[in-house]
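This briefing covers a single protein chain. Look through the sequence and structure first, then read the points grouped by topic.

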Amino acid sequence: MRNSSVLDCFFMYDKMCRVGTVMGRISCLIVFVLPGKIIAEPMAISSEPYCARTDVHYEPEQFAQVLYQIVSGYPDDTRNWQLMRELFAPGAMIKPVFHNQNGHQVVDLTVDKFIELNMTLFSDVGFFETETESKVYRVGHSATVISAYESRTSPESAPYSKGINSFQLVNDGYRWCVISVTWDSDKGGHEFAPLQ
């Protein structure tokens with residue numbers, strides 16, 4: 001029942017509520033108790049943790065480093081994709097900004113789609129991502145991690161790209177997990193100043 005409906009009922013039964021009759025008291029219960037119950041029901045909390053059950057526990061300050069370690073390696077190296085899946089909430093959003101000769105495009109990916117894309121793009125070339133600096137902002141059970149990174153084909157090579165990742169995390173009472181991430185790089189001609 002909408003709040004306006006609750007008010008309509010209140011005004012309609014106002015006189016009956018003020019009259020000390022049995023009918024008046026029942027009307028008051030209908031107006032004040034029943035709508036409150038209806039409004040509260042959608043707010044019920046699930047018994048399942050939002051981040052999904054796993055023994056993986058990291059603090060927000062650790063997430064970017066762990067994720068960079070997962071995606072980095074030579075073509076034949078084995079990545080711990082299962083760990084990556086566990087770091088993200090079910091239904092998490094991955095929305096990178098890609099650049100080409102026609103401009104830029106925001107791409108919608110699931111975690112599994114991101115893994116498939118990574119395996120395709122780096123099937124024959126090394127990819128190593130390292131963090132250069134980061135900022136973490138916590139507000140209660142949510143956190144935003146801003147992580148500047150460099151990309152290389154090997155740990156010893158010069159970076160061919162720089163960019164910034166923005167991770168959004170929540171804590172469901174059991175652990176932290178990523179609910180969304182987006183990033184952009186200097187491939188679009190952007191310049192990135194040091195994080196403030």
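What pattern does the chain follow, read along the sequence? The pattern is α-α-α-α-α-α-β-β-α-β-β-β-β. The model is predicted, so local features need pLDDT of at least 70 and side-chain atom pairs count only at pLDDT 80 or more, while totals for chains, interfaces and linings use all residues. Residues are numbered from 1 along each chain as its sequence is written, and side-chain values use heavy atoms, leaving out hydrogens and water.

**Overall make-up**
- The chain has seven helices and six strands; these are DSSP runs, with helices being H or I of at least four residues and strands E of at least two, numbered from the N terminus.
- Of the 196 residues in the chain, 37% are buried (buried is under 20% relative accessible area, exposed over 50%, partly exposed in between, with a 1.4 Å probe and protein chains only).
- Among contacts with a separation of 6 or more, 55% join residues 24 or more positions apart (contact means heavy atoms within 4.5 Å).

**Aromatic pairs**
- The whole structure holds five aromatic pairs (ring centres of Phe, Tyr or the six-membered ring of Trp within 6.5 Å; planes under 30 degrees apart are stacked, over 60 edge-to-face, the rest tilted).
- Tyr58 and Phe63 are edge-to-face, because their ring centres are 6.3 Å apart and their planes at 75°.
- Tyr58 is partly exposed at 25% relative accessibility, whereas Phe63 is buried at 1%.
- Tyr68 and Tyr149 form a tilted pair, with 6.4 Å between centres and 55° between planes.
- Tyr68 lies in helix 5 (residues 60–71) and Tyr149 in strand 4 (residues 142–152), 81 residues apart.
- Tyr68 is buried at 3% relative accessibility, and Tyr149 is buried at 5%.
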